[in-house]
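Dear colleague,

Please find the structure below, handed over for your records. My notes on its aromatic contacts follow.

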Amino acid sequence: MTEPNILSCLPEAFLTRMKEMLGNEYEAFLESYTRPRTFGLRLNTAKISAAEFEKIVPFPVTPIPWVKNAYFYPADVRPSRCPLYQAGLYYLQEPSAMTPASCLPAEPGDVVLDLCAAPGGKATALGSALKGEGLLVANDISASRARALLRNLELFGVTNSLIVNETPARLLERFPAYFSKILLDAPCSGEGMFRKEEALAKDWTPEKSRELSKIQRELILQAADMLRPGGLLLYSTCTFAPTEDEGVVSWLLENRPDMKLLEIPQHSGFSPGIPGWGNGMESLKQCVRLFPHKIDGEGHFMALLKKDGTGDNIRESVKTRTDPATEKWLRLFFDEIGLRTLGGKPFDFSRVETKGDKVYYLPPDSADFRGLVFLRNGLYLGDLKKNRFEPSQPFALALHKGDVEGTISLPVSDPRLERYLKGETLPIAPGEAAHNKGWHLLCVEGWPLGFGKLINQTLKNKYPAGWRL
């Protein structure tokens, strides 16, 4: 969208309200729409550190000041075509949209809910922070969006997630006072993304914003009721509308007196919430607003809240009775590839579940999801075929650098990586593969990309058709 088009499609009622809200900052706000938008990526810190990434990234990046382990990249770069992306080492996300998950301090062992999780930007950040320990319940009410969510969590190699396609009301019935951390990135009018998505500006009306605020008020109460005592709730939107921001947080504080606002760590360009845009409570200043004339990103709103009291994580360890035949074929395959660990942790056969010919690795912590619509519980390991086990692509991406001895590792600049991602067979020179034949894990700079089978110095491609470039 060209500069004149951006400004011309902004609704008059929106501009009038923003002028009232911003006062002498209004002209700077308008001027921000004439500047090009920024592009960002966030690292999968469960797999790679910033120092390691900066050594191998083949395009220019600049750190994002307010989000740890995240970078700006130039508009003319296509990072989704890079093998490092296909290895699940980073997620592409608008820089401001990275902020909510970075402000919710999820830690390994937490039981976390991402209530409106698709397409997965925030869920992948939370899954990365858990590092395979605890449980991530990632929900979206839309079945198609939940499938996209699953794909992104698989790409990131998250092994301890439950992907759910349910209404928040149904989740509340099953999980009252259950989660230690909840992220509610609420459906909103999207005013903060007008520069990014012209259609949002064209469809905007004041009435739509007011209708959405009713939905947000219901959602935030449901989220608070699913939070255990002592737990943290991060509420966020990508809109400037006070009725959807401070207004919704005010509604929560009035209706759930056991919820209290917390201070969010400040960064240059962050603006405080305005008490007068809500119910006048001074604590609303602890909310954070991101405006495009103050940071190199789009608009966002965040509030971090804590429920009174203390409570331990609700931990229910997973123990299954592994099918002996499944265990036999898994062990044979693991021996062939030289599996040392999965995600840096010993493989636990008590977490293996077989359904028909499909084999899954359940999260270390379970949840009672009977009767709920879900897409995946844990990691899809692969399929049982006649007298063998065939690994899945999610299994390959759940492996970390050093997990497997049987690898073929190529530099990020090697053109064979793009050929592999397109489904082609690859010539492998003597000495490049760990073994002379059989299953190998193809890696980029040591990080797993996918499986292949080596026969006579040719790698037979096992990269699935649905994942190919």
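The charged end of Lys 328 sits over the ring of Trp 329, at 4.5 Å from the ring centre. Here a charge sits over a ring if NZ of Lys or CZ of Arg is within 6 Å of the ring centre and within 35 degrees of the ring normal. Likewise, the charged end of Lys 401 sits over the ring of Trp 447, 4.0 Å from its centre.

Please note that this is a predicted model: local features need pLDDT of at least 70, side-chain atom pairs count only at pLDDT 80 or more, and totals for chains, interfaces and linings use all residues. Residues are numbered from 1 along each chain as its sequence is written, and side-chain values use heavy atoms, with hydrogens and water left out.

Searching the whole structure gives 34 aromatic pairs. Rings of Phe, Tyr and Trp (its six-membered ring) pair if their centres lie within 6.5 Å; planes under 30 degrees apart count as stacked, over 60 as edge-to-face and the rest as tilted. One of the pairs joins Phe 333 and Phe 395; this pair is tilted, with 6.4 Å centre to centre and 55 degrees between the planes. Phe 333 lies in helix 13 (residues 324-337) and Phe 395 in helix 14 (residues 393-398), so the pair ties together parts 62 residues apart in sequence. Helices are DSSP runs (H or I, at least four residues), as are strands (E, at least two), numbered from the N terminus.

Phe 333 also pairs edge-to-face with Phe 451, at 5.7 Å centre to centre and 70 degrees between the planes. Because Phe 451 lies in strand 22 (residues 447-455) and Phe 333 in helix 13, this pair ties together parts 118 residues apart in sequence.
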